[in-house]
Amino acid sequence: MALSAEESSRLTGLLDEHAERITNRWVELLAASLRGRLSQAELRRQVQELHHAMIEAARSGGFDLESESAGELRAVLAELSRGRARQGFTATETATSVYALKDVMLEVLETDTTDARTLRDYVAFSSLVDQMGLFTFESFVRTRESLIADQAEQLLELSTPVVKIWEGVVAVPLVGTLDSARAQVVMERLLQTLVDTSSPYAIIDITGVPAVDTQVAQHILKTVVAARLMGADCIISGIRPQIAQTIVALGIEFGDIATKASLADALRHVLRLTGVEAARRQPRRES
Amino acid sequence: MERVPVLKIGDILLVSIQVDMSDQTAVQLQEDLAERIVATGCHGVIIDITALAIVDSFVGRMLSTIASISRVLDAETVVVGMRPAVAITLVELGLSLEGIRTALNVERGMELIAATRDDDHGYDDADEPGDQSTDTR
Amino acid sequence: MTAGVDRGHPQAQAIRSDEDVVRVRQLVRTVAVAVRLSLVDQTKLVTAASELARNTLVYGGGGTAEVSTVDNGLRRGVRIVFADDGPGIADLDLALTDGYTTGGGLGLGLSGARRLVDEFDIDTGPERGTRITVTKWSR
């Protein structure tokens with residue numbers, strides 16, 4: 001895909017000689033295709049950066065997008081794609097920013113002498129621009145993927161709040177479907193909150209969980225066992241009738257884990273446990 | 001070989017494991033503790049593992065053994081400060097640390113030991129730690 | 001080598017003594033942090049490595065641990081190979097059973113370590129040593 005040294009030098013020559021005309025026309029084409037969603041000044045800056053990076057890449061001899069000398073060009077292209085992806089442009093709009101160069105070059109070459117060599121050059125430049133476009137497209141997709149992954153993670157965190165509801169008592173109200181990944185996040189966050197707040201009691205409320213399968217039940221059980229290893233007790237509340245039936249039908253042993261009908265019952269249960277302890281250490285004062 | 005220090009605070013022996021222990025160090029700690037329980041007549045042992053990045057089956061077994069030995073010597077052992085990642089790993093490993101009492105931190109551990117001693121002796125405070133002169137070896 | 005899996009330069013650690021088991025743990029942790037395994041995954045891998053390194057020392061009469069990074073294009077991971085020239089394991093199924101032990105341990109070393117990693121491969125036989133390969137991938 002690389003250009004020969006000769007082709008490179010002719011490309012540099014063209015880009016240099018017609019610098020102003022190329023960047024102006026390029027900005028014009030982009031402004032039309034993006035319909036004013038980016039300012040002229042912003043587009044001009046990007047185009048000038050690209051233009052400059054291309055000349056730099058071509059100057060060192062054979063123009064090859066994968067070579068070391070094209071490092072700056074790749075960086076500029078990647079930066080452009082990231083920016084477009086973040087601002088919500090489509091992949092086509094992003095790639096077009098690069099492909100527009102083809103039209104510009106064609107116009108420039110047409111006004112020069114048209115012969116067989118020019119045609120060959122144009123084909124060579126063309127395939128180079130194609131390569132740059134594909135690179136842009138890949139960077140765009142990568143940025144989008146990382147954006148999606150970040151959002152998924154944020155969603156996961158938002159959907160699993162661990163709250164301190166009383167001195168020494170934290171609760172996790174679980175809402176929605178619990179898959180393995182989410183169950184794991186819940187487990188880790190709950191245990192960390194126990195440490196951070198020095199709370200010996202945790203209430204896992206599953207009122208908002210529509211269904212429980214073996215895997216989810218296993219995750220909840222493991223959380224309870226892990227909490228116990230750390231010196232904390234878990235109470236499970238809000239088990240709905242259908243879920244109770246599933247648990248029994250699946251043959252899942254909840255063993256000696258305390259279960260309560262509602263979050264309020266669970267809290268009352270914990271307070272009674274801690275209340276007894278508190279009363280024992282601090283006899284009630286006379287009023 | 002490194003040695004884990006054992007501190008005496010009132011009626012309690014406090015062991016704070018700060019190093020990545022070799023198996024030998026762990027065995028040494030087990031022996032040191034048994035001797036110190038007898039020598040001091042303490043009724044509580046707190047093993048702080050806050051700094052331990054992992055607990056494998058060897059350390060797990062050491063903790064269980066210490067708990068059993070101290071029970072025989074009339075002392076209560078509480079393991080405190082286990083990190084969440086360590087607890088999750090132990091569950092996956094299948095190690096349940098049978099017979100070991102745990103608490104979130106040193107403070108909770110002391111409360112637990114105090115409560116246990118209360119249960120054993122009612123509200124009778126005559127059981128002063130210094131009274132028992134068991135160190136006759 | 002598995003197709004499509006790129007292996008980084010392995011780092012070797014001899015396992016001849018108690019202290020070497022500690023060194024294996026530290027080496028594995030450093031590599032696990034470098035490939036950015038989550039804290040829980042780091043802990044699981046280091047725990048598994050500790051069990052297997054101890055097995056290499058106690059049952060295999062010493063050997064080596066070779067730690068390397070792996071990359072399958074989507075995720076990165078850590079691969080550890082434990083090798084010894086010991087007597088090998090005669091009955092593998094039995095050795096992988098929870099609670100089975102010949103060395104006075106809890107019998108959770110091999111079976112437990114297998115649960116803590118994503119891939120577990122064992123090559124052993126009477127009188128031909130043991131070679132255990134484990135891999136943990138980033139999420």
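This is a predicted model: local features need pLDDT of at least 70, side-chain atom pairs count only at pLDDT 80 or more; totals for chains, interfaces and linings use all residues.
Start with chain A. It is divided into two domains. Domain 1 covers residues 5-155, and domain 2 covers residues 163-281. Take the C-alpha centres of domain 1 and domain 2 of chain A: they lie 56 Å apart.

Now look at two helices of chain A. Two packed helices are described by the angle between their axes and the distance between the axes. Helix 2 of chain A spans residues 19-34, and helix 3 of chain A spans residues 40-59. They pack at an angle of about 130°, with their axes 9 Å apart. That angle makes helix 2 of chain A oblique to helix 3 of chain A. Helix 2 of chain A passes helix 3 of chain A in a right-handed crossing. Which residues meet here? From helix 2 of chain A come Ala19(A), Ile22(A), Thr23(A), Trp26(A), Val27(A), Leu30(A) and Ala31(A). From helix 3 of chain A come Gln40(A), Leu43(A), Arg44(A), Val47(A), Gln48(A) and His51(A). The residues of this contact divide into eight nonpolar, four polar and one charged.

Move on to chain B and its sheet. Strands of a sheet pair through backbone hydrogen bonds, either parallel or antiparallel. In chain B, five strands form an open sheet in the order 1-2-3-4-5, and the pairing is mixed. Which strands are at the edges? They are strand 1 (6-9) and strand 5 (101-103) of chain B, and each pairs on one side only. Neighbouring strands of this sheet are turned by 25° against each other on average, direction ignored. Helix 2 of chain B packs on the sheet. This helix touches strand 3 (44-48) and strand 4 of chain B, and its direction makes about 155° with that of strand 4. Strand 4 of chain B, residues 76-80, pairs with strand 5 of chain B in the parallel sense over three bridges. Here Val78(B) stands opposite Arg101(B) in strand 5 of chain B.

Next comes the contact between chain B and chain C. It takes 18 residues from chain B and 23 residues from chain C. On the side of chain B, helix 1 (23-40), helix 2 (57-72) and helix 3 each supply at least two residues. Helix 3 of chain B gives the most, with six residues. The residues of the side of chain B that touches chain C divide into eight nonpolar, five polar and five charged.

Follow helix 3 of chain B across to chain C. One of its partners is helix 2 of chain C, residues 39-58. Their axes come within 9 Å and cross at roughly 50°. The two helices are therefore oblique to each other. Helix 3 of chain B passes helix 2 of chain C in a right-handed crossing. Among the residues that make the contact are Ala85(B), Val86(B) and Ile88(B) of helix 3 of chain B, and Leu39(C), Val40(C) and Thr43(C) of helix 2 of chain C. The residues of this contact divide into six nonpolar, three polar and two charged.

Helix 4 of chain C, residues 109-116, is another partner. Helix 3 of chain B, residues 84-93, comes within 8 Å of helix 4 of chain C, axis to axis, and the axes cross at roughly 120°. That makes helix 3 of chain B oblique to helix 4 of chain C. This crossing is right-handed. Thr89(B), Glu92(B) and Leu93(B) make the contact with Gly112(C), Arg115(C) and Leu116(C).

Conventions:
Residues are numbered from 1 along each chain as its sequence is written. Chains are lettered from A and ligands numbered from 1 in the order in which they are written. Axes are lines fitted to C-alpha atoms, for helices over the stretch in contact, and angles run from 0 to 180 degrees between N-to-C directions. Helices (H or I, at least four residues) and strands (E, at least two) are DSSP runs, numbered from the N terminus. Angles under 35 degrees count as roughly parallel, over 145 as roughly antiparallel, 65 to 115 as roughly perpendicular and the rest as oblique. A crossing is left-handed if the near helix is turned anticlockwise from the far one by less than a right angle, and right-handed if clockwise. Two residues are in contact if their C-beta atoms, placed from the backbone, lie within 7 Å. Domain bounds come from an automatic or database domain assignment. Ala, Val, Leu, Ile, Met, Phe, Trp, Tyr, Cys and Pro count as nonpolar, Asp, Glu, Lys and Arg as charged, and the others, Gly among them, as polar. Two strands pair if DSSP finds at least two bridges between them.
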